[in-house]
Amino acid sequence: PNIGEPAVFWLSGFHIPESFLSALVQASCRRRGWALDKSTLYTKATKFADRSEVKEKLLDGTYVEGLYLEGARWDVEAGALARQLPKQLIQQMPFIEIIPVEANRLKLRD
């Protein structure tokens, strides 16, 4: 049975999604002993498009769905934005992995 938090949250369904994201950071900070003011969120687009593809919950962070692109599309294979296809104005994003991290440990690629 599914008990506790879901593995994937519908972010568009929250009235104030920023509160949910703040709570995500706070819970990870408590669990890991990080300073809250030195923590942030890292996001990564996954290749998942259906809840059945997500086999387990993330210990720190979560997957979110319900985000859309307008005027572009997400190329799942390349992992990057691409030109929209003809006559497709709105494109659903794959699930986004949201991971709380300590800001000083976050290394962004060029």
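Me: Glu 97, buried or exposed?
Reply: Glu 97 is buried, because its relative accessible area is 13% (buried is under 20%, exposed over 50%, partly exposed in between, with a 1.4 Å probe and protein chains only). This is a predicted model, where local features need pLDDT of at least 70 and side-chain atom pairs pLDDT 80 or more, while totals for chains, interfaces and linings use all residues. Residues are numbered from 1 along each chain as its sequence is written, and side-chain values use heavy atoms, without hydrogens or water.

Me: Thanks! Which strand is Glu 97 in?
Reply: Strand S8, covering residues 96–102 (strands are DSSP runs of E, at least two residues, and helices runs of H or I, at least four, numbered from the N terminus).

Me: And what does Glu 97 touch, leaving aside neighbours within four places in sequence?
Reply: Glu 97 is in contact with Tyr 42, Thr 43, Lys 44, Thr 46, Leu 58, Thr 62 and Tyr 63 (contact means heavy atoms within 4.5 Å).

Me: Switching topic: where is Leu 89?
Reply: Leu 89 lies in the loop that links strand S6 (80–82) to strand S7 (90–92). Leu 89 counts as exposed because its relative accessible area is 60%.

Me: How many helices and strands in the chain, and in what order?
Reply: There are 1 helix and 8 strands, running β-α-β-β-β-β-β-β-β from the N terminus.

Me: What share of the residues is buried overall?
Reply: Of the chain's 110 residues, 31% are buried.
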